[in-house]
Amino acid sequence: MADQPIFRATIHPSTAGIPADVWNGLAPSTDGRSDNPFLDHAFFLALEASGCATARTGWQPQHILLSDDEGRPVGLMPLFLKSHSMGEYVFDHGWADALERAGGSYYPKLQCSVPFTPATAPKLLVPSGDPAIRAALLSTAQQLAGQRNASSVHATFVPEAEAAEIESDGWLRRLDTQFHWHNEGFASFEEFLETLSSRKRKTIRRERRDALAEGLAVQWLSGSDLKEHHWDAFYDFYEDTGSRKWGRPYLNREFFSRLNETMADRIVLMLAYDGATPIAGAINFVGKDRIFGRNWGCTRDVPFLHFELCYYQAIDYAIAHKLAVVEAGAQGEHKLARGYAPATTYSVHWIAHPGLRQAVADHLERERMSVERSQELLEQFTPFRKGERTDR
């Protein structure tokens, strides 16, 4: 019988404690560039160094780094000890309430995710693909939960295959829905519009026309073109949206400056200008084959400008740069009418308390059926001409 592999796990209370080349060497990459910008060491470091994701804000880093018996890094699991469920976009407040009513404590919990970022990306970073390394990361997280008196471990927005593998290790799988746009090799936005019904084409053309009817112009800014005054303007927009939606934005001004220093080439900031004055903006991140829309805001309400900056301009960019997918963030059934199709997202959950685990398992079984039925219904309302869109 072959000897079982021996791994050494270290828990890191900050991203800075793991060298960037080690972290990025474990994340999926192409030609030395991370495939997903949110997995880059620089992104996590900016969140933590700016004070956005720290113990003070309820996001205490507990990153698991796994090494083999010769000390070589072989696996990484970005992980946080959390005292709340905010900034996750996969909602478990009902689970927390149930355990509290039963006399237990749901918090702290361990959260494997990119803070404040509802974008699918691998969470068990194992370049070799060795199942034994993935299993060791999961078992280490469960042991850590016991050591930290955490009720549970959650990995959110994981790829479908990763969710299936983790589920087979005894975790609970959860489904949800986002809306993504798919590039079928379009040469232009107009070519994309030709795949839609006549009524939807007319609606989108009208929305785009009305959004810029006041003489507004949109600029794409990336790399060295991004300056601090652009971030000053965008942060004003972001703060306005955050204060109206949830009271206090998760990200601070310093975070964006840090990103500008280290990841400007992965960012596309789209600003709407009235003359020389920016009045609205949307931030996007570019990966290997897709663009991710994240935050938006404005200081002047203009009809359809939100759709223009967040959805249509992202499609324009994807077509121009031959990107396969636009991921426009969490939720938003209004995206359906604008050519964005339902896409399933996955999360997995390990819960220590057997009673809560069984209750959640029962709930998730019903919830999965509801999500699947909902997606079937949504597919009937896509704006595509009959036969234009193939199953994915």
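Modeller: Start with a term. A polar contact is a pair of N or O atoms within 3.5 Å; within protein, one must be able to donate a hydrogen and the other to accept it. Keep in mind that this model is predicted.

Colleague: Which side chain does D68 join through a polar contact?

Modeller: The partner is R72, and the contact spans 2.8 Å. Find D68 in the loop between β5 (63–67) and β6 (73–77).

Colleague: Is D68 buried or exposed?

Modeller: The cut-off for buried is under 20% relative accessible area. D68 has 13% relative accessibility, so it counts as buried. Now set aside its neighbours within four places in sequence. D68 is then in contact with I6, F7 and V74.

Colleague: How far apart are P5 and D69, in sequence and in space?

Modeller: They are 64 residues apart in sequence. In space, their C-alpha atoms are 8.0 Å apart. P5 sits in the segment before β1 (8–12). Its relative accessible area is 44%, so P5 is partly exposed.

Colleague: Now the helix α2 (41–49). How many of the residues of α2 are buried?

Modeller: Seven of its nine residues, so the helix is mostly covered. They are H41, A42, F43, F44, A46, L47 and E48.

Colleague: Which elements do the buried residues of α2 pack against?

Modeller: There are helices and strands among the partners. The helices are α1 and α9. The strands are β4 (59–61), β5, β7 (80–82) and β13.

Colleague: What caps the N-terminal end of α2?

Modeller: D40 does. One of its side-chain oxygens lies 2.9 Å from the backbone nitrogen of A42. Look past the helix too. Just after α2, G51 has a positive phi of about 90 degrees.

Colleague: What is F255 in contact with, leaving aside its neighbours within four places in sequence?

Modeller: F43, A46, L47, S50 and C52.

Colleague: Next, cavities. How many of 30 Å³ or more does the structure hold?

Modeller: Two. A cavity is a space where a 1.4 Å probe fits but cannot get out.

Colleague: Which residues line the second largest cavity?

Modeller: P118, A119, F292, G293, R294, E327 and G329. The largest share, three residues, comes from β14. The space is about 30 Å³. Its lining divides into three nonpolar, two polar and two charged residues.

Colleague: Last, the backbone. Which residues other than glycine take a positive phi, and where is D31?

Modeller: D31 is one of them, with phi near 55 degrees. D31 lies in the loop between β2 (29–30) and β3 (33–34). At 80% relative accessibility, D31 counts as exposed. F116 also has a positive phi, near 60 degrees. F116 lies in the loop between β8 and α4 (131–147). Its relative accessibility is 5%, so F116 counts as buried.

Conventions
Residues numbered from 1 in each chain as written. Predicted model: local features only at pLDDT ≥ 70, side-chain atom pairs only at ≥ 80, totals over all residues. Heavy atoms only, no water. Helix = DSSP H or I, 4+ residues; strand = E, 2+ residues; numbered from the N terminus. Buried < 20%, exposed > 50% of the residue type's maximum accessible area, 1.4 Å probe, protein only. Contact = heavy atoms within 4.5 Å. 1 Å grid on protein atoms, 1.4 Å probe; cavity = no way out; pocket = protein on both sides within 12 Å on 5 of 7 lines; lining within 4 Å. Points joined across faces, edges and corners; volume = space filled by probe spheres on them. Nonpolar A, V, L, I, M, F, W, Y, C, P; charged D, E, K, R; others polar.
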